[in-house]
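Hi everyone, thanks for coming. Let me put the structure up, and then we can walk through a few spots together.

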Amino acid sequence: MTVRRSVVCGVGAYLPERVLANEELAQMVDTSDAWITERTGIRQRHIAAEGEYTSDLATAAARAALAYAGALPADVDLVILATATPDDTFPSTGTIVQSKLGMTNGVAFDIHAVCSGFVFALATADNFIRAGQARCALVIGAETFSRILDWQDRTTCVLFGDGAGAVVLRAGEGDGTIADRGVLTTHLHSDGKFHDMLYVDGGPSTTKTVGHLRMQGREVFRHGVEKMAAATEEALAATGLAVLDIDWFVPHQANRRIIDGMARKLGIDTNKVVVTIERHANTSAASIPLALETAVHDQRIKTGDLVLVEAMGGGFTWGSGLVRW
Ligand code: ACO
């Protein structure tokens with residue numbers, strides 16, 4: 001049986017030039033490099049420059065992914081941008097990226113699932129491609145979380161950074177087995193009752209301001225381990241695969257201890273887990289594509305490898321996707 005598959009044929013990333021190391025942050029709030037490194041694994045984060053917007057980061061990552069894929073903006077008929085930090089309330093940042101890329105056709109829109117955004121965007125693009133409604137999709141995760149942080153709150157401002165990553169998906173064909181290249185399975189979840197554990201205390205309809213990120217760190221930590229592990233198990237069950245069959249685990253980079261906790265819970269060999277948190281911090285929807293790009297660039301992830309992505313974020317939202325690269 002021939003089936004349509006969404007095959008990854010390009011990956012790209014962009015990080016703003018400015019690096020903010022823990023030591024410098026310790027001069028701004030009452031914290032220390034030792035505390036941040038020990039509790040989170042983070043050593044530094046990138047911060048977007050004045051006048052550098054989410055759409056700029058996203059466009060740079062998209063251009064790199066297109067170049068990698070040998071594709072032109074005109075080949076793309078779907079742009080899905082995952083972000084919780086859009087340039088403006090509207091129009092969607094996806095359409096701004098579409099314009100910056102010089103595209104005059106296709107469709108572009110944003111997906112808002114906070115730190116799970118890239119997994120949600122990947123699943124949506126895969127469904128468009130498998131339904132025959134798109135042939136070449138740009139799936140981007142891009143954030144400027146530095147703009148929604150309370151820089152006086154040491155419990156949150158040390159955790160996040162800015163950045164963008166992108167993949168190009170092209171319609172391909174497979175025989176419907178897990179030997180196919182492409183997205184093999186995706187699983188998405190949300191449960192709005194967890195709103196108060198991780199949210200932004202502002203918005204156009206409530207306060208008419210952008211607001212700041214607020215979080216109950218310990219609760220988020222506990223749910224992060226549980227939900228990313230559950231989403232990973234779901235993808236394995238759906239494909240009849242075991243932890244040992246997976247070549248690379250690329251989790252959302254929230255906290256090194258959340259990643260280690262999940263790996264321990266599932267018996268995953270930590271050498272198979274891609275971790276970039278020490279250099280990028282938590283870049284929300286951008287963290288998975290940034291980690292994918294890192295591991296493709298350093299030749300860990302190769303064509304034919306089985307790559308499992310999993311995330312959890314505000315909402316709560318959580319999910320997973322299994323891709324044969
Ligand atoms: N520097 C120094 N001390 C700090 C800092 C800081 N940056 N932040 C908090 N503290 C203090 C607290 O005030 C507290 O002091 P007290 O004992 O005198 O009251 C002490 O450190 C311990 O605080 P806890 O909150 O209990 O510390 P914990 O070990 O839980 O670590 C952390 C906090 C790192 C936020 C952890 O809970 C965590 O990682 N949670 C997950 C949050 C996360 O990853 N969010 C990302 C967004 S969600 C997502 O992406 C899935």
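Let's start with Thr144, which counts as buried at 4% relative accessibility; buried here means under 20% relative accessible area, exposed over 50% and partly exposed in between, with a 1.4 Å probe and protein chains only. Before going on, please keep in mind that this is a predicted model, where local features need pLDDT of at least 70, side-chain atom pairs count only at pLDDT 80 or more, and totals for chains, interfaces and linings use all residues. Residues are numbered from 1 along each chain as its sequence is written, and side-chain values use heavy atoms, leaving out hydrogens and water.

Thr144 sits in strand β6, residues 136-144; helices (H or I, at least four residues) and strands (E, at least two) are DSSP runs numbered from the N terminus. Setting aside residues up to four places away in sequence, Thr144 touches Ala48, Glu52, Tyr53, Thr54, Leu57, Thr85 and Asp162, where contact means heavy atoms within 4.5 Å.

Now for the ligand. Which residues come nearest to the ligand? Of the 23 around it, they are Thr31, Arg39, Arg218, His252 and Asn255, and "around" means that a heavy atom lies within 4 Å. That shell divides into eleven nonpolar, seven polar and five charged residues. Nonpolar covers Ala, Val, Leu, Ile, Met, Phe, Trp, Tyr, Cys and Pro, charged covers Asp, Glu, Lys and Arg, and the others, Gly among them, are polar.

For those of you who like distances, a polar side-chain atom of Arg218 is 2.7 Å from a ligand oxygen atom, and an N or O atom in the side chain of His252 is 2.8 Å from an oxygen atom of the ligand. The protein covers 75% of the 1000 Å² of accessible area that the ligand has on its own, by the Shrake-Rupley method with a 1.4 Å probe.

Helix α7 supplies the largest share of the shell, four residues. This helix runs over residues 217-239 and reaches 33 Å from its first C-alpha to its last, close to the 33 Å expected at 1.5 Å a residue; that expectation is 1.5 Å times one less than the number of residues. Just after α7, Gly240 takes a positive phi of about 70°.

One last stop: Ser284, in the loop between α9 (277-280) and α10 (287-297). Ser284 is buried, at 1% relative accessible area. Beyond its neighbours within four places in sequence, its contacts are Val114, Cys115, Glu143, Phe145 and His252. His252 is also one of the residues nearest the ligand.

Note on methods: A polar contact is a pair of N or O atoms within 3.5 Å; within protein, one must be able to donate a hydrogen and the other to accept it, and residues adjacent in sequence count only if both atoms are side-chain atoms.
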